[in-house]
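Please walk through this structure with me, from a pair of strands to the sheet around them, then to a single residue and an annotated span.

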Amino acid sequence: GWAGAGRVVLLAVLLCVCWRAAAERLRYAIPEELGRGSLVGPLARDLGLSPDELPARKLRIVAGDDKQYFTLEEENANLRVNDRIDRESICGAVSPCVLSLEAVVENPFDIFHVSVTIQDINDNAPQFDRELVTMEMIESTPPGTRFPLGIGRDPDIGVNSLQNYELTPNPLFSLLVTESPDGTKHAELVLEKFLDREKQRNHHLILTAVDGGDPVRSGTAQIRINVTDANDNPPVFTKEIYKVRLMENLPEGSLAFQVKATDNDEGTNAEITYSFSDVAKSIRQLFTLDPKTGDVKVTGPLDYEERKYYEVSVEGKDGGGLTAHAKVHIDIIDVNDHAPTLSLLPILNPIPEDAVPSTVVAVINVRDRDSGENGEVSCKMDGNLPFRLETSSENTYKLIIVSALDRENVSAYNITITATDHGSPALWSRTELALEVSDVNDNAPVFEEAAYSAYVAENNAAGALVLRVQARDADAGANGRVSYWLAGGSAGAAGAAPLVSVEARSGALYAQRSLDYEQCREFAVAVRAQDGGAPARSSTATVRVFVLDRNDNAPRVLWPAAGAAGGAAGAASAAAPFEVVPRSAEAGYLVAKVVAVDADAGRNAWLSYELVQASEPALFRVGLHSGEVRTARAVSERDAAKQRVVAVVKDHGQPALSATATLHVVLAESLQEALPELSERPAGAEAPAAELQFYLVLALALLSALFLLSVALAVLARLRRA
């Protein structure tokens with residue numbers, strides 16, 4: 001069938017036809033046996049796709065057949081032949097021979113149905129099942145008797161199939177060509193004159209079968225006729241044509257049908273032997289004929305999908321050599337013996353979780369080799385999933401999204417699709433499609449707490465860990481990778497260095513410098529957590545830092561005037577002003593009050609006062625919490641005129657810090673009496689005493705002047721009234 005291949009290739013170019021049958025269906029027609037790479041049609045152009053659109057539209061083809069007969073050219077998406085296309089092996093006697101496929105495009109998604117009609121070429125010559133046919137004719141056979149000859153077979157169809165028979169000229173025989181209901185042509189040999197065995201015992205003829213192709217092809221068979229002695233009665237079949245209906249997949253060994261012939265002769269002339277007279281080898285593999293009983297049994301698999309009809313010629317021969325012939329028409333009845341087959345074409349995998357409903361995820365193609373209801377298939381999807389099967393065409397379904405996807409809840413789907421035919425009992429098959437959901441940045445980081453509190457003791461080292469914040473992001477990859485930044489707060493004044501810093505990866509907050517409770521007792525800072533998506537998402541949390549007090553400040557004496565502060569071992573001393581106490585003072589007389597403060601807080605600022613040194617220890621006492629210096633007893637004449645009192649002020653920190661205050665007390669009834677004592681103060685106190693004496697004298701003079709002025713004004717007032 002490969003002769004004339006060059007002309008076939010030329011025909012491919014001339015016969016390639018494309019037309020639009022509907023809005024979404026394309027039809028092409030090509031001759032069979034085109035070479036690989038031959039053009040079927042400009043698919044992209046016929047679909048209205050420009051070359052610039054092709055990369056984005058992702059044009060693909062899906063064929064329901066196991067064998068991929070067609071392929072798309074990468075550059076311009078022309079449809080070309082991918083494998084040898086033999087119409088006879090694909091479709092047999094079925095006409096027209098159509099191969100169907102789907103063209104899928106994206107952005108937006110659409111499906112176009114493409115059918116390619118395979119046109120027959122005359123690549124097969126007629127052939128006979130037997131090249132030599134031997135026949136026996138009794139010499140008494142009357143003229144007009146017909147004898148079936150071998151059937152010529154031509155796999156081609158139409159005008160390329162077998163059209164006629166020719167017989168070599170012979171005065172004794174002629175050729176009669178008949179046509180059966182299915183269009184098959186049969187050749188019969190017609191006896192024109194009586195035979196005479198004594199004149200010629202054998203006759204040789206040549207039967208030629210010719211088709212109608214261009215050029216014409218033919219096949220021949222040799223016919224040898226042996227003339228035998230007379231046998232009065234030939235066998236007679238009960239029917240000239242037997243019509244049989246058989247279910248496909250009938251078990252081997254089952255009785256298919258029986259033929260029966262009778263002969264009015266007696267003895268061996270009445271013994272009839274049955275045989276297939278003109279049956280193809282492929283049919284002989286399916287049926288056997290019992291030569292004695294005429295029972296025909298099934299010996300091979302009957303498949304409706306491969307062949308729906310058989311025609312068999314049966315011969316009955318008696319013992320005298322006379323024969324009779326009958327034909328058997330066998331119709332194969334379809335049973336539901338093929339489960340549907342599914343082929344998947346994923347369109348979008350993985351699926352972005354923000355894919356909108358109605359987005360096409362995959363295309364499912366369904367095929368069932370059975371016919372009628374047995375070949376009608378419906379598909380369903382198992383489970384309650386955010387997807388739906390939608391019919392695209394008779395054999396094609398689209399898997400589309402029906403509700404929003406969330407990768408954080410479900411990151412992958414295993415979808416089971418079941419195809420069930422409408423036969424009885426129904427057959428089904430299923431396939432699984434694994435779909436993954438890809439992440440998009442749809443979640444902002446979330447802190448474990450909206451507000452954090454941290455406590456840091458003052459005088460900390462620079463770089464000390466304050467607190468570690470943590471935020472989680474439900475997204476994946478870079479979308480879920482969180483980094484931390486300071487977003488503002490009261491952690492530092494404008495233009496000043498911030499008090500804390502945050503590590504971008506861990507979320508740890510570190511003190512930038514030592515903190516001082518007395519300067520800053522608390523502050524707040526906002527920390528922003530930001531993911532690595534594009535665009536990035538973020539959230540903030542407030543961190544409030546409380547500075548804890550340490551006992552790092554000694555008490556400071558405000559009165560008497562404070563000196564330098566001391567530590568736990570040494571105390572600060574205050575300058576020693578004098579206090580005048582009358583000698584008539586009783587116990588509890590308030591001499592002075594020591595006033596002190598502590599910059600610390602809490603227990604570190606709780607102050608207590610003690611008397612640590614005095615000229616007369618029993619004469620004075622200091623209030624533990626008030627700091628009031630009072631006489632412990634009444635002043636006596638024996639007490640020295642000058643007394644020195646030293647008080648210590650201590651806080652309650654650990655360790656405790658302290659300061660001291662010194663008072664000089666003069667026991668005198670009046671200021672004038674005390675002045676001599678004050679003048680005798682030690683040299684170190686002469687300058688302050690002289691200064692104090694000056695102020696006292698000045699104050700006394702002013703008081704005297706005021707008294708005199710008051711008396712004068714009173715006298716003047718009385719005089720005016722008088």
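Two strands are said to pair if DSSP finds at least two bridges between them, where strands (E, at least two residues) and helices (H or I, at least four residues) are DSSP runs numbered from the N terminus. This is a predicted model, in which local features need pLDDT of at least 70 and side-chain atom pairs count only at pLDDT 80 or more, while totals for chains, interfaces and linings use all residues. Residues are numbered from 1 along each chain as its sequence is written, and side-chain values use heavy atoms, with hydrogens and water left out.

Strand β33 (residues 412–421) pairs with strand β34 (residues 428–438) in the antiparallel sense, over 9 bridges, and N414 stands opposite A434 in β34. These strands belong to an open sheet of 4 strands, whose order is β28-β34-β33-β30 and whose pairing is mixed. Because β28 (351–352) and β30 (377–381) each have a single partner strand, they stand at the edges, and one side of each is left without a neighbour in the sheet.

Elsewhere, A56 is placed in helix α3 (residues 54–57). A56 counts as partly exposed because its relative accessibility is 44%, a class that lies between buried (under 20% relative accessible area) and exposed (over 50%), with a 1.4 Å probe and protein chains only. Apart from its neighbours within four places in sequence, A56 is in contact (heavy atoms within 4.5 Å) with E106 and N107. A56 and P108, 52 residues apart in sequence, are separated by 9.6 Å from C-alpha to C-alpha.

Finally, an unreviewed UniProt entry annotates residues 694–717 as "transmembrane region"; UniProt positions are given in the numbering used here, feature names are shortened, and annotations may be inferred rather than shown by experiment. In the model, residues 694–717 are 100% helix and 0% strand, with their end C-alpha atoms 35 Å apart.
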